[in-house]
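Have the 3D view open and follow along as you read.

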Amino acid sequence: MEIRLKYAESLFLVVIGAVSGLFLVLSREYSAMARSVPNICAVFILLAIGFRLWQIWLRDSLRGAVLKIHQRSVPFIAMLACYTAGVFLIGFILSSLVFVPVCMYWMGQRKLFRIAVIAAVYVATVYLVFVVGFRMPLPDSLVGF
Amino acid sequence: MMYEGLIAALAPLNIGYALFGTALGIVMGAIPGIGSSMTMALLLPFTFWMSAEGALILLGSVYCGATFGGSISAILLNTPGTPASAATSFDGYPMAQQGRGMEAIGIAVMASFVGGIAGLLLLFFLSPPLAEISLKFGPAELFLLTLFTFIIISVTVLKESVVKGLIALGLGLVLSGIGYDPISGALRFTFGLPYLEDGIQLVPAIIGLFAISEVFAFVESGGTISNSLEAKGGLKEGFRQTFRFPGTLVRSTIIGSVIGALPGIGVSAANLIAYVAAKARSKHSKHFGQGAPEGVIAPESSNNAVTCTSLIPTLTLGIPGSSSAALLMGALMIHGLIPGSSLFTTYGKVTYTFFFGLGLSNIFMLLVTIFAVRFLVKVTVVDVGFLVPIIVSLCFIGSYAMRNNIGDAVVTIAFGLLAFVMRKLKYPLICLLLPIILGTMMERGYHQSLMLSGGSFSIFWASPISKVILAVTFLSVVYPLLGFFRKNGKSVK
């Protein structure tokens, strides 16, 4: 997937600018001491963003440049989101037992037995080392296991 | 007393503690997010039944080992195991990609060894005077030091893309404002979320910025980390390379030693400051970021120097220089030892046994690495299809384990996505990271200074130390500008 770099960077800068602007607005409720440094930083960012946008659009510094996003990146973001949700809902062990082999298969590994063994050994090792050995709790599920 | 300490350190049990602690520290330091503090905290209960010397040697060895261990994953996987090794990945990982992983690890371990021994010598002989100097660093000096760090980054790292770096710097400063105001304690920018009251946590942010963003790179590239199946260079070549840049080695060791002696700045900032300073002074600055040996020497020698000198304010003044030093102080107190002059007089034998134990730990760090490196570098020829889910999963463990809070794992993913976008758009990650580490300290120093001076800015150039920092900052800005004008003047002629 290709996007013109000037649009991609401009969108990124607009988001950063919006966050900085939001911080500026929110800081009006705080005391003078609490808002002084964040306000200086937010104004600084907005000025830098303004200058960068000028470079991109008026000086056309990114003429012709494209941003390439690999076709695997977006599905991987979705997988990460599902894994995070899974860790929260069904706990680390179960969600890892699902995520690790699925991710390996999706990344192109096709030897199912090898994938299953690696996933099982890895999760067992994590459990033994961290939970049993170091008594370090891992995320529990909301449903009790 | 030193002689008695040496004999006690060479007792078989204490040697065993040093070896075990170092090896464990290296392994745990290599896992992103675990690090020395957590490992030491987990071991602390086991040290109750040990002698004071044994407990201190074990925990101190973990501290040294973990500080180095983070560089292994930084070099081989571009995922620093600890914040202390963030800068090591900038040049260590490109070396691994070029098939020079063993050489990079050789540089890292030798630089760590030199930095550790130098810090230890300072600890031995200069603890009291260095402690006095560290007391002279007040809020104004700390504020100026952080400002100097940001400025020198602007001048060196950002040469390639000044505006982008300044935007990243500003974003980092804004994000560091989330949570409790360091002076008034007022809550800022939490959006009603209890999780944000403590601000953005450093470890999850670093794991996301480096580890998760690197995972995205693996997903896109596929294949193996190393572009070459043949190992070029080797451990011995790495050792030789370390001593080919004596200026960088000495300078970075001094930077780490000084920063370690100042409570509060910590090893997370030391490796970045040393890297930036090395790049500024190097004749090969253009090679930084592409596998320059100096880019590994600088952060590694500085971070291991910090581990020893951070004990100076801890042992002499009872002011821990880092969280790991705080745990060591806890171990001291558990065994009935109180930081202060008595540690060097009444309990001098225990203290010097501990110091010699740290020396043993540095030696074992070399030996363990020599033995294990051949197995470790094999990860660079493993298909990333196997590595990606394992690294992601370990990142979850690392970020969750610190506070048992799933929010930290979410922060890791969020920063990972941010870093992925920044890398695509060529925004420097170091400029986002450094304000997250130092932003709160800078703000605290600024406000405390103005409160002490009654609102007068003259406090920022009142003390001799402030004047020195201001002068160095001024020269750091003016010198490159002069070079720039000189170069332009020549091209016009």
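In this predicted model, the C-alpha centres of domain 1 and domain 2 of chain A sit 37 Å apart. Domain 1 of chain A covers residues 2–68, while domain 2 of chain A covers 73–133.

**Where the two chains touch**

- On the chain B side, 42 residues are in contact with 51 residues of chain A.
- Sorted by class, the side of chain B that touches chain A has 29 nonpolar, eight polar and five charged residues.

**α9 against α17 in chain B**

- Helix α9 of chain B (residues 202–221) packs against helix α17 of chain B (residues 384–401) at an angle of about 170°, and their axes are 10 Å apart.
- From α9(B), the residues that join in include Val203(B), Ile207(B), Ile212(B) and Phe218(B).
- On the α17(B) side of this contact you'll find, among them, Leu387(B), Ile391(B), Cys395(B) and Ser399(B).
- By class, this contact has 14 nonpolar, two polar and no charged residues.

**α17 against α18 in chain B**

- Helix α17(B) also packs with α18(B), this time at an angle of about 130° and with the axes 7 Å apart.
- Are these two helices oblique or roughly antiparallel? That angle makes α17(B) oblique to α18(B).
- The crossing of α17(B) past α18(B) is right-handed.
- Here Cys395(B), Phe396(B), Ser399(B) and Tyr400(B) of α17(B) meet Ile406(B), Asp408(B), Ala409(B) and Thr412(B) of α18(B).
- The class count for this contact is five nonpolar, two polar and one charged.
- Spot Cys395(B) and Ser399(B) again: they also take part in the contact of α17(B) with α9(B).

**A closer look at Leu450 in chain B**

- You'll find Leu450(B) in helix α19 of chain B.
- Is Leu450(B) buried or exposed? It counts as buried because it has 20 C-beta neighbours inside 10 Å.
- Leu450(B) and Leu144(B) are 306 residues apart in sequence, and their C-alpha atoms are 13 Å apart in space.

Technical notes:
Residues numbered from 1 in each chain as written. Chains lettered and ligands numbered in written order. Predicted model: local features only at pLDDT ≥ 70, side-chain atom pairs only at ≥ 80, totals over all residues. Axes fitted to C-alpha atoms, helices over the stretch in contact; angles between N-to-C directions. Helix = DSSP H or I, 4+ residues; strand = E, 2+ residues; numbered from the N terminus. Contact = placed C-beta atoms within 7 Å. Nonpolar A, V, L, I, M, F, W, Y, C, P; charged D, E, K, R; others polar. Domains from an automatic or database assignment. Buried ≥ 20, exposed ≤ 12 C-beta atoms within 10 Å, placed from the backbone. Parallel < 35°, antiparallel > 145°, perpendicular 65-115°, else oblique. Left-handed = near helix turned anticlockwise from the far one by under 90°.
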